[in-house]
Amino acid sequence: MKYDTVLVLDFGGQYCHLIARRIRENGVYSEIVAHDIKPEEIKTLGAKFNIKGLILSGGPASVYEPNAPRPDPQILEQGLPTLGLCYGHQLIAQIIGGKVEPASQREYGIAYVTIDKPVDVLKDLNAKEKVWMSHGDTVSAIPSQYEVLAHTENCPVAAFKHKDKPIHGLQWHPEVVHTKNGAQMLRNFIFAVCKCEVNWKMEDIIEKMVEEIRREVGEGRAIIALSGGIDSSVATVLAAKAIDNRLTAVFVDHGFMREGEPEFVKNVFQEFKMYLIIAQAQKRFLEKLKGVVDPEKKRKIIGEEFIRVFEEISEKTGAEYLIQGTIYPDRIESGFRKFSDKIKTHHNVAGLPSIIKFKRIVEPLRDLYKDEVRKVAKMLELPKEIVFRQPFPGPGLAVRIIGELTEEKVRIAKKADKIVREEIEKSGLEENLWQYFVVLTDTKATGVRGDARAYGYVVAVRAAESREAMTASFAKISYTVLERISTRITNEVPEVTRVVYDITHKPPATIEWE
C-alpha cells in the first residue's frame with residue numbers, strides 16, 4: 001500500500017521538520033526532500049508514495065541573495081497542490097513574477113492578520129487571526145491571475161492563491177503552536193486542497209527504525225550511547241530489538257549529571273537483557289575543560305571526549321558501530337543542513353570530532369521530535385519514569401554553568417538543580433512542563449546573611465512549556481512555588497546570594513542558556 005504523502009521542500013528553515021511532523025500528526029505521511037528537487041525526481045518518488053502535495057518551507061536566506069536556495073520553477077507546473085510558507089511564500093511570488101522587497105518594518109513574533117478571503121487554506125478562519133511571523137522581506141504585489149487572501153499592516157500580501165490552480169502562499173508559520181489556528185490551516189491544505197486520506201500510523205516508524213539499525217549494523221557489533229534520558233533509552237530498546245546481544249550499552253559518567261543520575265540509570269537498565277558498562281570519566285572530562293569559557297568549545301570538547309571513551313570501550317568489545325539517540329532538534333540547532341543557521345553545537349552532532357574510529361554512526365531517531373519519541377517509548381512499554389523524564393542535555397550541567405567549570409561550581413549547580421526538581425515535582429507541575437532546571441551564572445551579587453554582607457553567585461531558574469522543543473514558552477509558575485525555590489536555594493546553598501527567574505520565550509532565546 002502506498003501512503004498518501006505530502007513532500008516538504010527543505011530551504012534550511014528551523015521549522016522544516018516541524019512542518020513534516022504536523023502533517024504526520026494528521027495520519028498523513030510526509031517526506032523531507034531537497035529544495036531543488038526536479039519534477040522527474042518527484043515522479044520517481046511517486047512509485048513509492050502517493051504524492052498529493054508540496055510544501056515549500058521557510059529559510060534564513062533572502063530571495064535576493066545570489067546564492068539563496070531556489071526551487072526548480074517547473075515544480076509549479078506539475079498540477080500538484082503547492083503551499084509556500086514564509087521564505088517559500090516569497091519564492092513562489094518571485095517565480096510567478098510578483099514583487100518581493102525588504103519590509104518597511106520587519107515582523108518577528110506574534111502578529112495579527114486580516115483574512116480578506118477565508119477560502120481553501122484559510123477556510124473557516126476568523127476575520128482576524130493570531131499568527132507567528134519571522135521575516136524581513138515581504139510580498140508587495142502579485143500577478144492578476146492570483147488573488148490576495150490576507151494582509152497585515154506591514155505586509156500587503158500576507159497570503160495569496162492562484163485563481164484556478166492549487167498554488168498558495170502564507171507569509172506566516174502555521175506549523176508553530178504560536179499560530180493559534182495553524183493546525184486548522186494545515187488540515188485545510190492536507191485534506192481540502194490535497195485531498196489526502198488518513199492512512200499512516202506511528203507504529204510504522206518503529207518497524208522502519210529497527211530495520212534501519214539492522215541494515216546499517218549488519219552482522220557487526222555496536223555500542224549504544226546511553227544517558228538514561230528518553231531519547232537514548234528508546235534508541236537502546238530499538239537497537240536491542242534489531243541486533244540483540246551484539247549490543248553494548250555505555251553510560252558515560254562525565255561528572256556533570258544531575259544528582260543521583262548514575263544510580264538511576266544503573267537501576268533501571270539492569271532489568272534489560274544487555275551488556276551495560278558504566279564508564280567513570282569525571283576526572284578526564286573536568287581536566288579537558290579546565291580554563292574553557294566559550295560554550296561552543298565546551299560542547300566540542302565534550303563531544304570529542306565522549307567519542308574517545310566509546311572508542312576505548314569498542315576496542316575491548318569489538319564494536320564497529322556507534323548508535324546514538326540524536327533527535328531532530330539536536331540536529332537543526334547544530335546547523336547540519338546546507339542552508340540552515342547554526343544556533344548551538346550539540347555534543348553528539350556537530351560536536352563530533354572529524355576523525356572517528358567507528359565504521360558508522362547510526363541515529364535511528366534523527367527525524368523525530370521529543371513528543372514523537374515519547375509515543376514510541378509508550379509503544380515499546382518503557383518504564384513510566386523513562387517515558388516522562390524531562391530532557392537533559394548530553395553535556396549535562398557543563399552547559400548550565402556559565403564560564404569556566406570547577407568542582408565547586410558543579411557541586412553548587414547539582415544542589416540547586418535538585419532543589420528545583422524537588423519543589424516542581426512536590427507541586428505536581430512536572431507533567432505540564434517541558435523542562436525545569438537551574439543555570440549557575442558567572443555573575444556574583446551582594447547579599448545579606450544575618451547581619452553580615454555576603455557575596456555569592458546568581459542562580460537563574462528556567463522552566464519551559466513546549467510540545468517539540470523547537471518553540472517554547474516560559475512557564476507561569478506561581479510565586480508561592482518560586483518563593484520556596486528561592487528560599488531553599490539561598491538557605492541550603494550558601495554560595496548563592498540571589499535567585500532570578502527566566503521569563504524569555506523560545507524564540508528569541510533557546511531553552512538552554514548555552
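Y29 sits at 7% relative accessibility, so it counts as buried (under 20% relative accessible area, with exposed over 50% and partly exposed in between; 1.4 Å probe, protein chains only). This is a predicted model, where local features need pLDDT of at least 70, side-chain atom pairs count only at pLDDT 80 or more, and totals for chains, interfaces and linings use all residues. Residues are numbered from 1 along each chain as its sequence is written, and side-chain values use heavy atoms, with hydrogens and water left out.

**Aromatic pairs**
- The structure holds 7 aromatic pairs (Phe, Tyr or Trp rings, the six-membered one for Trp, with centres within 6.5 Å; planes under 30 degrees apart are stacked, over 60 edge-to-face, the rest tilted).
- One of them is Y29 with F49, stacked at 5.2 Å centre to centre and 25° between the planes.
- Y29 is in strand β2 and F49 in the loop between α2 and β3, so the pair ties together parts 20 residues apart in sequence (helices, H or I of at least four residues, and strands, E of at least two, are DSSP runs numbered from the N terminus).
- F49 is buried too, at 6%.
- Y3, Y29, F49 and W200 make up one aromatic cluster.

**Helix α11**
- With 7 of its 10 residues buried, α11 (residues 370-379) is largely enclosed by the rest of the structure.
- R374, one of those buried residues, lies over the face of W434, 5.7 Å from the ring centre (Lys NZ or Arg CZ within 6 Å of the ring centre and within 35 degrees of the ring normal).
- After α11 comes E381, with a positive phi near 60°.
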